[in-house]
Amino acid sequence: MAQRVPVSEACGPAASKRVSRVRVAVRLRPYMEKQDKKAEGPCVRGLGPQSLEIVNWRNATETLQYQFDAFHGEQASQQEIFLSSVKPVLPHVLSGQNASVFAYGPTGAGKTHTMLGNPEEPGLIPRAVREVFSLATERERESADWTYSVGMSYLEIYNEKVLDLLSPGSTDLPIREDKDRNIVVQGLTHMPIDSFSHFHALFAPASLNRTTASTKLNQRSSRSHAILLIKVVRSLKSPPYRQQMGKLYLVDLAGSEDNRRTGNQGLRLKESGAINLSLFTLSKVVDALNVGGAGRVPYRDSKLTRLLQDSLGGSAHSVMIANIAPEYKYYFDTFSALNFAAKSKLIVNRPFVREAVPSCAPTVPVKRPRDEQGPRAASEPHRKRSKEGAGDEHDGDPGQGRPCSPPVSSVLERLLALEKLMMGSPERERLKLLKTVAESRKEIQELRRKQQELESRALVINTSDKAVPPFHRKQSTAARPKKQQAVVPPLQVLQPVPPTSVCKPLLCASVKSQQVTKALKGKENKQAGSCGSEGDWASRLDPTMLERSRQQILSVLNTGTLRELKGLQLIGDKKAKLIQGWREIHGSFAQVEDLQRIEGITAKRFSSFLKATTYLWATLRGGEYPSA
C-alpha cells in the first residue's frame, strides 16, 4: 500500500518545499490585422517580464494592470516559455511528486498551439516529455541504486464523457478514487514507453482522434479537453525495494465560447454548452479554494475538475499558461481570462511524495526455532510437516515456484514494522515513561492517605459537636469503571477549620458554606418550625455573639474585597458588585440594615442573609471571630 512521505524527507530538488503556489504565466498571441476590420489596434500590451495592462472598458482613458509570475509577449518562442515556466517543475515528477501544466484561455487564443506546436516549433508537451527522458537518463548515470520507468495515458473529455484516445473504440470511462485516495480512470489504457520516439509514435495518431471542428473564430477548434498523463515510477534496486511514483498532467483545455460570435448551432451548440459548463465549474473550484475554510470545493460537479483535483489545491506543482488575444473583439474574453488567472495565482498546493513497497519484492527466507512455532505447529501430523518441508525446498528463489507472499505476512514487512517500533521508542523515552508512571502511583497513594486522614478528623469533630448534624458522604450515581485504579474520587466530607487557625473572614469555599447552610436550615425546621422573624432566631443566640457577628458583617461590607463579599451567605457576584458600587457612591455602611438599600435585597432576604451568616460563623468559629 502506498504511503505519504513528507516532502522534507524526499530526495532531490523537491525537498526544499512543503507548499507550492500555482504559478501563472500569460502568453499574448500575435496581433492578426486581417481579422481586425476596424483597425482599432491591440487592447493589451506588456509592461515587463511579469506585468501587463489592459484597457478599462468602463473608461477608455484608464488601464488595468496585472502582475503574474511571467509574461510572454507576441515575440516569445516555445522554447522560452518552456524554459521559464515548465522545465522547473519537471524534476519533481522524478522524485515521486505530481506536476501539472495546463493551458487556459478563450477559443482562438492559441492554447493548442502552445501545448502541441508544429514540426518546426514543437509545443510544451513534446518538449516536456523529451526533458523527462533526459532527466531519467541523467539520474540513472549519477546513481546506480535507482531505476526509472515511464508510461503514458491519453484521454479527452467530450460532452462530459471520458474517452480513451489511445483506444478509439472505448466508451465513457468512469472516474474512481482508489484506496490510496488517488484519482484514477477505470479502464484507461496505460502504455509503457522507453524513449521519446516511442512516445511520438503513440501520441501523434492518438492526437488525430481528438474531436475538433470549424467555427467562425477558428478553422480547427478543439471541442474537448485533452489530458496527457505521463507516469514515472522510481524504483530502488536494493532492499526494501521502495517505489516512488510521480505523475505529470499536460492539459489542453477547450476554450470558452460566445455562441453569438462563433455561430454554433446543433451539435456545436451542445459541445460549447458542455465546455462552458466545465470551465464555469473550474472557476467555482478556484473561488472556493481562495475563500478557504471548511467549505465544500465542488470538484465532483464536473469531470474536468475531478481529474484536476490534485492540480488545484491538491498534491501537485501546477503551472497555468493563460493564453489571451490582443484584438478588441476578444476584449471581454481576455478580461475574464486575466481575472481567472489572477485568482488562480493565489491557490496553494501541498505536494508530497507517494511511496510504496511492492508486495512482490524478493524476501530472504528465515528459519524459526521450533519453540517459536507454537503448540499448534508442534501438534501437526508428521506427514503434513514433511510435505511443507518439501515445498520449502523450491522456495529458495523468490522468482520461481509459488507466487510471492502478501506483504502482511512477509518477513520484510515484519522487519520494517519492528524497526519502526524500535526507532519510535528509544531507551531513554521508555525509562522516562516508567519514571512518570512511578511518580503518578506515588502521588495517588499520598492522596489516598490524606483522604483517610481528613475523613477521620471530620468524624471526630462531628461527634464532639452536638449542635452541628453529622456530615454524610454523597453517594455517586455514576457507574464506576471496573479496572480504573488510577482515579481518586473527589472528597465529599467537609473539613471544618480548626479554632487555632487564623484566616481572612469569609474565605470558606462556597460549596462548604452551602452545605452547612442546608444542614442548619434542616435543624431549624425540626426544632423551631418556621423562623420568619429575626427575633425568633436571634433570641436563641448569645447577645454578645450576635453583636460581634453584626460588627464583623459590617466590617466586611465596608472593607471587604469582591471575593470576600461573594463569600457572604446569599451574596453572589452580582450583589457583591452592587455593594462595591454603592460603597463608592455613598461611602461606608453605617449599619448592617443599610444593606437593604441595595437593589434586589428585600427585608425578607436581608433577614435570611443575617440569620445564615450569623449561624455559619457561630458554628464554624465557635464564637471566635477573626479581627477585621
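Where is Pro 240 found? Pro 240 is found in the loop between strand S16 (225–236) and strand S17 (243–252), and the views below take up this loop together with other parts of the chain. The model is a predicted one, in which local features need pLDDT of at least 70 and side-chain atom pairs count only at pLDDT 80 or more, while totals for chains, interfaces and linings use all residues. Residues are numbered from 1 along each chain as its sequence is written, and side-chain values use heavy atoms, with hydrogens and water left out.

**View 1. The protein chain as a whole.** The secondary structure of the protein chain comes to 19 helices and 20 strands; helices (H or I, at least four residues) and strands (E, at least two) are DSSP runs numbered from the N terminus. Of the 628 residues of the chain, 41% count as buried, where buried means under 20% relative accessible area, exposed over 50%, and partly exposed in between, with a 1.4 Å probe and protein chains only. Among the contacts in the chain with a separation of 6 or more, 69% are accounted for by residues 24 or more positions apart, a contact being heavy atoms within 4.5 Å. The accessible surface comes to about 36,000 Å², of which 54% belongs to carbon and sulfur atoms; accessible areas come from the Shrake-Rupley method with a 1.4 Å probe, and for residues only the protein chains shown count as cover.

**View 2. The annotated loop between S8 and H3.** An unreviewed UniProt entry places the feature "binding site" at Gly 105, Pro 106, Thr 107, Gly 108, Ala 109, Gly 110, Lys 111 and Thr 112; UniProt positions are given in the numbering used here, feature names are shortened, and annotations may be inferred rather than shown by experiment. Thr 107 lies in the loop between strand S8 (98–104) and helix H3 (111–115), and Thr 107 counts as buried because its relative accessibility is 5%. Gly 110 also has its place in the loop between S8 and H3, but Gly 110 is partly exposed, since its relative accessible area is 24%. With neighbours within four places in sequence left aside, Gly 110 is in contact with Arg 29 and Asn 323.

View 3. Gln 97 is found in the loop between helix H2 (90–93) and S8, and Gln 97 is buried, with a relative accessible area of 0%. Gln 97 and Val 353 are 256 residues apart in sequence, yet 5.0 Å apart in space from C-alpha to C-alpha. Ser 100 is found in strand S8 and is likewise buried, at a relative accessible area of 0%. Leaving aside neighbours within four places in sequence, the contacts of Ser 100 are with Leu 248, Tyr 249, Ser 311, His 317, Ser 318 and Val 319.

View 4. Rolling a probe the size of a water molecule over the atoms shows where empty space is left. A search of the whole structure finds four cavities of 30 Å³ or more; on a 1 Å grid over the protein atoms alone, a cavity is a set of points where a 1.4 Å probe fits but cannot get out, and lining residues have an atom within 4 Å of a point. The second largest cavity has a volume of about 70 Å³, a volume being the space filled by probe spheres set on the grid points, which are joined across faces, edges and corners. Its lining is formed by Gly 96, Asn 98, Asn 182, Met 245, Lys 247, Ser 315, Phe 352 and Arg 354. These lining residues divide into two nonpolar, four polar and two charged, where Ala, Val, Leu, Ile, Met, Phe, Trp, Tyr, Cys and Pro count as nonpolar, Asp, Glu, Lys and Arg as charged, and the others, Gly among them, as polar.

**View 5. Backbone details in two loops.** A cis peptide bond joins Pro 239 and Pro 240, with omega at about 10 degrees. Tyr 241 lies in the loop between S16 and S17, and phi of Tyr 241 is near 60 degrees, a positive value in a residue other than glycine. Asn 159, in the loop between strand S9 (146–158) and strand S10 (161–164), has a positive phi near 55 degrees.

**View 6. Leu 228 in strand S16.** Leu 228 is found in strand S16 and is buried, with a relative accessible area of 0%. The C-alpha atoms of Leu 228 and Leu 250, 22 residues apart along the chain, are separated by 5.1 Å.

Terms used. 1 Å grid on protein atoms, 1.4 Å probe; cavity = no way out; pocket = protein on both sides within 12 Å on 5 of 7 lines; lining within 4 Å.
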